[in-house]
Amino acid sequence: MVQDKTSLPPVAGREPAPEADASDAAPEDTTPEDTTPEDTAPSSDKGVRVKGEGRWVLAARVVAVVAGGLLLYTAFPPLDWWLCAPVGIGLIVAGLYRARPRRAAWLGYLGAAVFLFPALAWVRTIGDDVWVMLVATESVFYAVMAALAALVFRLRLWPLWFGALWVAMEWARGLVPVGGFPWARVAFSQGESLFTSYAALGGAPLVSFAVTLCGALLAHAVLVRPAAAVRRAVPAALALAVPLLTLALPRPGDEGRSINVGIVQGNVPGRGMHALGDEPAVVLRNHAEETKRLAAAVRAGALARPDIVVLPENSTDIDPYTSAFARQVIDESVKYVGVPTLVGAVVAIGDEHRATRSLVWDPVTGPGAYYDKQHLVPFGEYTPFKEIVLALWERANLVGRQSVAGTKPGDLKLGPVTIGAVNCYEVAYDDTVRGTVRAGGTPLVVQTNNASYALSNLPPQQLAMSKLRAVEHNRAVVTAATTGISAYVTPDGKVSWQTRELVPDMNVVKVPVRTQETIATKVGELPEWALMLMGAVAVGVAARRGRRGDRMGNGS
């Protein structure tokens with residue numbers, strides 16, 4: 001009697017056809033492909049199935065991605081344990097490695113949710129429902145990336161392709177939906193680390209790639225057992241080399257020019273969604289009085305005389321264009337300090353719109369040049385899908401007038417320099433900051449209003465972005481915040497001075513004026529696009545080999 005070959009058990013040591021093809025692509029990897037009962041399709045139309053992985057393997061995967069997500073969170077401010085980022089990513093890779101795409105997708109989603117829930121905890125100020133919806137949406141990007149990673153793990157040099165896919169995922173997150181949400185990118189956990197210097201070569205995308213590559217190489221060193229013993233140490237050595245290579249990178253030098261910048265933090269009366277308080281003009285008076293206090297300290301010799309003064313976003317809660325009172329209060333304080341001052345205001349545009357504006361105020365001529373914020377905060381400064389959202393959520397009415405985005409970079413002539421104005425949320429967007437530097441802005445000035453999120457993890461996260469931008473563009477960064485954290489970051493990414501939160505404060509800092517551009521400033525998006533193309537090609541190659549393996553299996 002001839003037994004039907006579909007009923008024969010698998011031959012020991014023999015891989016099914018698709019996996020054999022993958023092994024040809026990665027001969028140094030002798031770890032067998034694991035599969036699962038629920039996501040393993042028949043290997044041929046004759047119905048042969050491969051035995052799925054056990055419960056303990058699945059449990060190990062879950063533990064790995066959960067631990068990886070938690071470790072990745074600890075790399076971000078306020079903890080700032082930056083070394084946990086590559087280790088956490090390495091654990092996430094371990095959880096995804098050799099999983100089928102469907103299983104990798106939900107594992108990636110789980111790891112992302114574990115990471116993003118605490119990383120974005122500051123969103124709870126708006127509401128727990130918004131927090132949950134944001135994390136749920138953002139985690140989808142990680143799930144898609146994980147599913148694609150399941151394909152490229154079958155290729156040689158897969159740590160490179162995994163890092164490239166991570167960059168593509170962060171790019172997509174910063175683009176959609178409703179203008180994207182680029183917070184919590186891996187690069188922003190590296191405000192002051194061995195990886196930071198990569199920002200001067202390829203911006204935030206290259207930093208994210210370097211950290212992810214390091215983590216993937218650590219995972220490779222543990223997961224993959226090549227035949228030659230000497231080769232086992234290679235991935236670990238490369239993982240160590242990735243951050244250490246930055247020590248050999250040249251750093252731009254001082255150009256011998258500096259200015260004194262006055263920074264004012266006036267504080268606000270309220271908290272949460274009503275941070276500016278119910279009584280009008282309190283925020284305006286707070287910042288005007290703190291500006292006068294700075295001027296008094298200068299006159300007393302306690303502080304150096306500033307060349308310019310910077311106030312935060314929303315440093316006036318009344319439109320100085322329409323209110324004679326607000327105009328008078330600001331003008332008096334600027335005249336008292338005696339130097340050009342950058343004021344943050346929300347101003348009316350027609351009868352229905354507004355703009356978040358960085359406004360140059362001269363002690364002699366009054367209000368002049370301005371920059372209008374380009375990247376607006378959805379549901380904070382404008383309401384996407386307005387009719388639907390306003391009908392479903394009463395809180396959406398707190399937005400009030402809809403903001404209008406600016407169209408020009410923030411290069412503003414302020415006293416003896418042309419500053420680069422960046423407004424709050426925009427510091428997370430590569431193109432906005434780069435465009436301002438290319439337009440001649442130096443130093444960079446970040447005006448921000450974090451009052452609704454005071455004492456959360458948002459202010460330190462935003463400061464970490466400023467540190468990365470300083471290195472990326474070889475520019476000093478001055479941050480003025482209503483409630484903190486106001487700070488001065490040197491061009492090499494070091495915080496030279498900063499305030500505490502929820503207190504009025506002011507200071508005058510000596511800031512270098514740099515004009516030399518970094519490679520990152522010059523080449524712009526090219527490194528990011530190159531990495532994304534590299535990842536896309538790897539996915540294409542892996543998918544093609546997988547289909548070829550399926551055809552070979554069906555024909556056997």
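Reader: What does the secondary structure of the protein come to?

Author: Happy to start there: this is a predicted model, and its secondary structure comes to 15 helices and 13 strands. Of the 556 residues, 55% count as buried. Among contacts between residues at least 6 apart in sequence, 71% join residues at least 24 apart.

Reader: Why are helix 6 and helix 7 called oblique to each other?

Author: The axes of helix 6 (residues 158-173) and helix 7 (residues 199-223) come within 8 Å and cross at roughly 140°. Roughly antiparallel would need an angle over 145 degrees, and roughly perpendicular one from 65 to 115. The pair is therefore oblique. The crossing of helix 6 and helix 7 is right-handed.

Reader: Which residues of helix 6 and helix 7 meet?

Author: On the helix 6 side, W158, P159, L160, F162, G163, A164, W166, V167 and E170 take part. Their partners in helix 7 are P205, S208, F209, T212, L213, A216, L217, A219 and H220. By class, this contact has 13 nonpolar, 4 polar and 1 charged residues.

Reader: And what makes strand 10 largely enclosed by the rest of the structure?

Author: A residue is buried when its relative accessible area is under 20%. In strand 10 (residues 477-481), 5 of the 5 residues are buried, so the strand is largely enclosed by the rest of the structure. Both faces are covered: V478 and A480 are buried on one side, and V477, T479 and A481 on the other.

Reader: How do you know that strand 9 and strand 10 pair?

Author: Pairing asks for at least two bridges. Strand 9 (residues 444-448) is joined to strand 10 by 5 bridges, and the two run parallel. As one example of who faces whom, L444 stands opposite V477 in strand 10.

Reader: Where does P443 lie, and what is the peptide bond from T442 to P443?

Author: P443 is in the loop between helix 12 (430-438) and strand 9. The peptide bond from T442 to P443 is cis, with omega near 0°. Another cis bond runs from V176 to P177, with omega near -10°, and P177 lies in the loop between helix 6 and helix 7. For context, most peptide bonds are trans.

Reader: What is the phi of A184, and is A184 buried or exposed?

Author: A184 is in the loop between helix 6 and helix 7. Its phi is near 65°, a positive value in a residue other than glycine. Most residues other than glycine have a negative phi. As for burial, A184 has 3% relative accessibility and so counts as buried.

Definitions and conventions
Residues are numbered from 1 along each chain as its sequence is written. This is a predicted model: local features need pLDDT of at least 70, side-chain atom pairs count only at pLDDT 80 or more; totals for chains, interfaces and linings use all residues. Side-chain values use heavy atoms; hydrogens and water are left out. Axes are lines fitted to C-alpha atoms, for helices over the stretch in contact, and angles run from 0 to 180 degrees between N-to-C directions. Helices (H or I, at least four residues) and strands (E, at least two) are DSSP runs, numbered from the N terminus. Angles under 35 degrees count as roughly parallel, over 145 as roughly antiparallel, 65 to 115 as roughly perpendicular and the rest as oblique. A crossing is left-handed if the near helix is turned anticlockwise from the far one by less than a right angle, and right-handed if clockwise. Contact means heavy atoms within 4.5 Å. Ala, Val, Leu, Ile, Met, Phe, Trp, Tyr, Cys and Pro count as nonpolar, Asp, Glu, Lys and Arg as charged, and the others, Gly among them, as polar. Buried means under 20% relative accessible area, exposed over 50%, partly exposed in between (1.4 Å probe, protein chains only).
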